[in-house]
Amino acid sequence: MKYDFNQRINRNRTNSFKWDFIKRNGGIEYWDETNPALHEKPVLPMWVADMDFPSPQPVIEAIEAQAQTGIYGYAYTPPSYYDAVVNWMDRRHGWKIERDWICYTPGVVPGLHLMVATYLKPGEKVLLQPPVYYPFYLIAENTDTEAVLNPLIYKHGHYHMDFEDLEEKCADPDLKAAILCSPHNPVGRVWSAEELRRFGEICLKHDVLVISDEIHGDLIFSDHSFTPFATLGPEFADRSITCTAASKTFNLAGLQTSNMVIQNDDLREAFQTMCNRSGVFTLNMFGILSLEAAYNHGEEWLEQLMVYLEDNYRFLETYFKEHLPECPVIKPEGTYLVWIDFRSLGLDKDELEDLMMNKARIYFDEGYIFGPEGEGFERINIACPRSILTEALDRIKEAVRSVNI
Ligand SMILES: Cc1ncc(COP(=O)(O)O)c(C=O)c1O
């Protein structure tokens, strides 16, 4: 089957986080019929990480069939659910896991909250590598733990880890866990096996638990390969937890289904106990069905998606080179999020946000929300039909030109 990623689907007023919320008057407002914003020039949402593409046909069919029964009672995760996860990890990543290692949670972010609450006491520390996915900061805040920062180094248009600083930070006995964002959101790095090994060795040496968030691990560009952290060796698998989901890969985020893979029995039991005590007993019926359909029958769609995303990226890169050469684009190695450096415009974070929101009329995830290292950058989501991307780029160009004049 050939999928058409050029097709535009109207997502306005579908309770879409991405399309129905806008930044306005210094806050975020729901864009409904009563909101005066409706009469302003529509904002193009290029922010939150969901795609403007329908999921693979087998997913749609599985959901439609269940929806037609009209009965939406409690669902359980059948053996076929776990088989789908096990087979996917083996087939796509050469990672051999067992059914029993899988603990489901209603999303990776809730899973991360539960995890930090399981393994860290209030006041203990968790390491993050900014600029990084902003809910990681909230996880530390909400679990009364302290975020310790090991900023990435940005040099010659490329991000890499600061291992010396990591070694220093990990030497703190209160530092108990490190959240690894792999691939990294927002900078788009797909960490090499060597980088991961070095990161893992430092963590292991200081007995720092690695929580590897691999939600973007299926979205890898053709000249890169993804290494699940746990495949580095048994000692790494034993002292780590991996967060996985089909949600970014197949655009299923609204179905809130994810899987934490925990090989170590003690770590897994502790986490499961935390889930039970928090009332996390079941998953969404459609989430279960869609994961199985996507992992078992979605590969063809994913292959075509990656071709489209890479084309979208090349289009954006060429556009910036031609029209906005003063704003470097950081080449992503995976994900569908592109990190762009607007610092040459000389605007502070509020001015840049104002320019993009009110002049360009684009809703970005502003660089500063990923940490102060992100100030002057914007994160653009390119998982949209080319026509939307083109419109966004034209708007950016016009807005940036107005600054230069
Ligand atoms: C690194 C990372 N982790 C987790 C999430 C969200 O996961 P979930 O929707 O399963 O809570 C995202 C979404 O963008 C992400 O980029």
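**Sheets and helix packing in the predicted model**

In strand S17, Phe377 is the bridge partner of Asp341. This pair belongs to a predicted model, in which strand S14 (residues 337-341) and strand S17 (residues 377-381) are joined by five bridges in the antiparallel sense. Both strands are part of an open sheet of four strands, ordered S13-S14-S17-S16 with antiparallel pairing. Strands S13 (329-330) and S16 (365-366) each have a single partner strand and stand at the edges, so one side of each is left without a neighbour in the sheet.

A further open sheet contains seven strands in the order S4-S12-S11-S10-S9-S5-S6, and its pairing is mixed. Its edge strands, S4 (102-105) and S6 (146-149), each pair on one side only. From one strand to the next, the twist averages 25°. Four bridges link S4 to strand S12 (residues 258-261) in the antiparallel sense, and Tyr104 stands opposite Asn259 in S12. Helix H10 packs on this sheet, where it touches S4, strand S10 (209-213) and S12, and its direction makes about 25° with that of S4. Helix H6 (residues 163-170) lies across strand S5 (125-128), S6 and strand S9 (175-181), and runs at about 145° to S6.

H10 (residues 265-277) also meets helix H4 (residues 108-119); their axes come within 9 Å and cross at roughly 115°. The two helices are therefore roughly perpendicular to each other, and H4 passes H10 in a right-handed crossing. The contact brings Gly111, Leu114, Met115, Ala117, Thr118 and Tyr119 of H4 against Leu267, Arg268, Ala270, Phe271, Met274 and Cys275 of H10. Of these residues, nine are nonpolar, two polar and one charged.

Note on methods. Residues numbered from 1 in each chain as written. Predicted model: local features only at pLDDT ≥ 70, side-chain atom pairs only at ≥ 80, totals over all residues. Heavy atoms only, no water. Pairing = 2+ DSSP bridges. Axes fitted to C-alpha atoms, helices over the stretch in contact; angles between N-to-C directions. Parallel < 35°, antiparallel > 145°, perpendicular 65-115°, else oblique. Left-handed = near helix turned anticlockwise from the far one by under 90°. Contact = heavy atoms within 4.5 Å. Nonpolar A, V, L, I, M, F, W, Y, C, P; charged D, E, K, R; others polar.
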